Amino acid sequence: MDASTYLNFNGQCEEAFTFYAKCFGGKIEAMMSFEGMPDGSGIPAEWKKKIMHAHLNVGSTAILGSDAPPPHYNKPQGYSVALNTDTVENAERIFKELSQGGTVTMAMSETFFAPRFGQVTDRFGIPWMVLCNGSA
């Protein structure tokens, strides 16, 4: 059994997944827009080019997502996506990139449980916890 994170966006899914692929060194496996749906399913014309489904592989993990058509989008709350890295340098680089245009809720620092840990909500509204499991 596998579990994956599925993220909803308010029209920025393509931009977010392109950024995440670069930031995390991942590979986008799928990026399908609503215009490919057979019946259109009542999607507003201005949303036809928005993303119905995206799939990004990061290491052995998949991050999935889509743009939630109006009025189905809800601001993320009550969760964070945990990203585990193997080096302090990687944790700091990723945290810095996620922080650009976002909001740091806990600065990246050494903790009693990890060489580096920090929390940030990125510019797309997605909350992240970045953790280094490796050595300092």
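## Cysteines

The structure holds 0 disulfides, a disulfide being a pair of cysteine sulfur atoms within 2.5 Å. Cysteine 13 has its closest cysteine sulfur in cysteine 23, 16 Å away, which is too far for a bond. For cysteine 132 the closest cysteine sulfur is also in cysteine 23, at 15 Å, again too far for a bond.

Cysteine 13 is buried, with a relative accessible area of 0%, and cysteine 132 is buried at 1%. Buried means under 20% relative accessible area, with a 1.4 Å probe and protein chains only.

## About the model

This is a predicted model, in which local features need pLDDT of at least 70, side-chain atom pairs count only at pLDDT 80 or more, and totals for chains, interfaces and linings use all residues. Residues are numbered from 1 along each chain as its sequence is written, and side-chain values use heavy atoms, leaving out hydrogens and water.

## Helix α1

Helices here are DSSP runs (H or I, at least four residues), numbered from the N terminus. The buried residues of α1 include Cys13, Phe17, Tyr20 and Phe24. After α1 comes glycine 25, with a positive phi near 70°.

## The nonpolar core

The largest nonpolar core has 29 residues. Such a core is a set of buried Ala, Val, Leu, Ile, Met, Phe, Trp, Tyr and Cys residues joined through side-chain atoms within 4.5 Å. The largest share, 8 residues, comes from α1.

Leucine 98 is among the residues with the most contacts inside this core.

Technical notes
Buried means under 20% relative accessible area, exposed over 50%, partly exposed in between (1.4 Å probe, protein chains only). Helices (H or I, at least four residues) and strands (E, at least two) are DSSP runs, numbered from the N terminus.
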